Amino acid sequence: MTTVNAPKISEYKEATRIERVGAQSHIRGLGLDGDLEPRNISQGMVGQKKARKAAGIILNTIRAGKIAGRSILIAGQPGTGKTAIAMGVAKALGNDIPFTAMAGSEIFSLQMSKTESLTQAFRRSIGVRIKEETEIVEGEVVEIEIDKSATSGAKTGKITLKTTEMETVYDLGAKMIESITKEKITSGDVITIDKVSGRISKLGRSFSKASEFDALGAQTRHVQCPEGEIEKRKEVVHTVTLHEIDVINSRQKGFLDLFSGDTGEIDSEIRDQIDSKVAEWKEEGKADIVPGVLFIDEVHMLDIECFSFLNRALESDKAPIVILATNRGITNIRGTTYKGPHGLPIDLLDRCLIIQTEPYNEAEIRSILEIRCEEEDVEMTEEAKEVLTKIGVDTTLRYAIQLITTANLVAQKRKSNEVDVEDVRRVYSMFIDHVRSTQYLRDHQAEYMFDEYQKQTQKMQVE
Ligand SMILES: Nc1ncnc2c1ncn2[C@@H]1O[C@H](COP(=O)(O)OP(=O)(O)O)[C@@H](O)[C@H]1O
Ligand SMILES: [Mg+2]
């Protein structure tokens with residue numbers, strides 16, 4: 001292979017970043033002010049101020065992009081916001097700096113060796129900012145015609161675009177019609193269409209239509225009708241990761257592998273070629289390297305081979321910032337018979353800056369629960385919040401968070417839009433927390449298969 005291809009913007013854009021509402025969906029940043037001081041409640045973040053401030057300092061280091069190969073360990077009890085803080089860092093970094101999140105257990109796969117999957121994770125976390133010329137179609141929409149076939153229901157259509165000098169009619173395929181509908185494109189809008197991907201972006205409303213649409217309000221941006229040719233070339237800058245370049249250049253299917261996730265192992269020869277090509281692009285001013293973040297949650301799940309890989313990989317000048325998180329105390333280092341603090345070998349630990357998270361007090365638990373209620377669109381009476389907070393204090397924060405949606409379902413069943421104390425009580429008795437579950441197992445051990453409670457010599461983890 002002699003040529004290394006840079007992925008085109010159109011190829012990778014749709015393959016990345018699908019967001020879902022999940023346990024960390026309310027986290028929108030670290031909630032720090034301009035001086036890196038943590039605000040009380042901000043961007044979905046509550047309390048845990050020392051750790052958030054420390055993470056803010058790391059964030060600035062990452063943004064500056066100057067330092068490679070540092071590692072940070074976030075250590076603390078379960079449910080103290082370790083993952084939340086890492087996600088806060090990710091959100092604060094934005095889309096232009098790569099952030100890869102994985103759990104330690106993910107490296108155990110039959111398709112790939114452990115070191116290969118760590119190598120891929122490292123390379124996912126290094127961005128290459130590439131300048132690229134693309135072909136676009138840009139103009140003011142004169143007319144859109146969409147027809148639906150009476151028999152098949154398939155849609156076909158035409159769009160007429162103009163500039164100050166010319167006017168052209170384009171045929172529309174089903175995918176284009178869908179995005180035109182989604183973006184609510186109408187005549188008088190000025191739009192660009194990426195010729196390869198068909199992605200449509202709306203630049204604004206044409207000034208010539210300004211008077212007709214006074215009712216659109218202050219949100220509407222007015223732009224000039226474009227001049228010159230409708231089809232033109234434009235320079236754009238986009239960030240891809242080294243891993244994406246690896247994949248595109250290593251397989252026949254190219255970027256499609258990014259969709260399927262089926263990347264397999266990548267030849268180290270290809271990686272070497274890509275590295276030297278990227279260095280060349282950098283030299284020629286076509287690309288910049290953007291070191292990002294690799295977050296390995298539950299890092300105690302890695303084993304000694306992985307730890308030794310990490311030690312070495314962190315020394316490379318192209319290493320990302322590595323953030324590790326663990327809730328373990330002094331425990332076995334996997335793959336050895338030794339114990340280490342947090343289940344990590346001392347030589348790795350020695351390279352880490354350690355951020356400690358602390359358990360929350362009652363007021364903080366209440367604030368987090370309130371934020372989650374809002375996030376999950378659940379109305380709750382003050383008294384119910386009080387009870388739920390008590391549950392959070394007595395059991396775990398995570399358990400209390402889980403009860404929000406379930407209590408809401410119970411409330412809806414009795415046709416109420418607001419969760420009250422009785423709903424929280426109902427779900428508290430319906431779904432038990434781990435302490436009650438353990439107690440139950442102890443009381444009923446004889447009825448279960450493989451129960452080893454009697455024989456057990458080690459302390460149970462939940463105690
Ligand atoms: N300081 C915080 N502010 C807001 N939400 C938090 C905070 N700490 C934890 N949470 C939320 O509580 C839940 C459990 O926290 P998590 O980050 O998963 O804990 P850990 O990773 O330490 O076990 C998550 O839904 C998380 O978003
Ligand atoms: Mg976690």
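Biologist: How many helices and strands does the protein have?

Modeller: The protein has 15 helices and 19 strands, where helices (H or I, at least four residues) and strands (E, at least two) are DSSP runs numbered from the N terminus. This is a predicted model, in which local features need pLDDT of at least 70 and side-chain atom pairs count only at pLDDT 80 or more, while totals for chains, interfaces and linings use all residues. Residues are numbered from 1 along each chain as its sequence is written, chains are lettered from A and ligands numbered from 1 in the order in which they are written, and side-chain values use heavy atoms, with hydrogens and water left out.

Biologist: What makes a residue count as buried, and what percentage of the residues of the protein do so?

Modeller: Buried means under 20% relative accessible area, exposed means over 50%, and partly exposed is in between, with a 1.4 Å probe and protein chains only. Of the 463 residues of the protein, 44% count as buried.

Biologist: Why is strand E3 described as largely enclosed by the rest of the structure?

Modeller: Strand E3, residues 71-75, has five of its five residues buried, so it is largely enclosed by the rest of the structure. Both faces are covered, with Ser71, Leu73 and Ala75 buried on one side and Ile72 and Ile74 buried on the other.

Biologist: How do you know that E3 pairs with E17, and which residues stand opposite Ile74 in E14 and in E17?

Modeller: Two strands pair if DSSP finds at least two bridges between them, and E3 pairs with strand E17 (residues 352-356) in the parallel sense over five bridges. Five bridges also join E3 to strand E14 (residues 321-326), again running parallel. Ile74 stands opposite Ala325 in E14, and its bridge partner in E17 is Ile355.

Biologist: In what order do the strands of the open sheet stand, and what makes E4 and E17 its edges?

Modeller: Five strands form the open sheet in the order E4-E13-E14-E3-E17, with parallel pairing. Strand E4 (99-103) and E17 each have a single partner strand, so one side of each is left without a neighbour in the sheet. Neighbouring strands of this sheet are turned by 20° against each other on average, direction ignored.

Biologist: Which strands does helix H3 touch?

Modeller: Helix H3 (residues 82-93) packs on the sheet and touches E3, E4, E13 and E14, where contact means heavy atoms within 4.5 Å.

Biologist: Why is H12 called roughly parallel to H14?

Modeller: The axes of helix H12 (residues 382-394) and helix H14 (residues 421-430) come within 8 Å and cross at roughly 30°. Axes are lines fitted to C-alpha atoms, for helices over the stretch in contact, and angles run from 0 to 180 degrees between N-to-C directions. Angles under 35 degrees count as roughly parallel, over 145 as roughly antiparallel, 65 to 115 as roughly perpendicular and the rest as oblique, and the crossing angle therefore makes H12 roughly parallel to H14. The contact is made by Glu383, Ala384, Val387, Leu388 and Ile391 of H12 and by Val421, Val424 and Tyr428 of H14.

Biologist: What makes Phe122 and Phe309 an aromatic pair of the edge-to-face kind?

Modeller: Rings of Phe, Tyr and Trp (its six-membered ring) pair if their centres lie within 6.5 Å, and planes under 30 degrees apart count as stacked, over 60 as edge-to-face and the rest as tilted. Phe122 and Phe309 are 5.9 Å apart centre to centre with 85° between the planes, and the pair is accordingly edge-to-face. Phe122 lies in helix H4 (residues 114-124) and Phe309 in helix H9 (residues 304-313), 187 residues apart, and both Phe122 and Phe309 are buried.

Biologist: Which label, buried or partly exposed, belongs to Tyr399, and which to Tyr428?

Modeller: Tyr399 has a relative accessible area of 9% and is therefore buried, whereas Tyr428, with 28%, is partly exposed. Tyr399 and Tyr428 also form an edge-to-face aromatic pair, 6.3 Å centre to centre with 65° between the planes.
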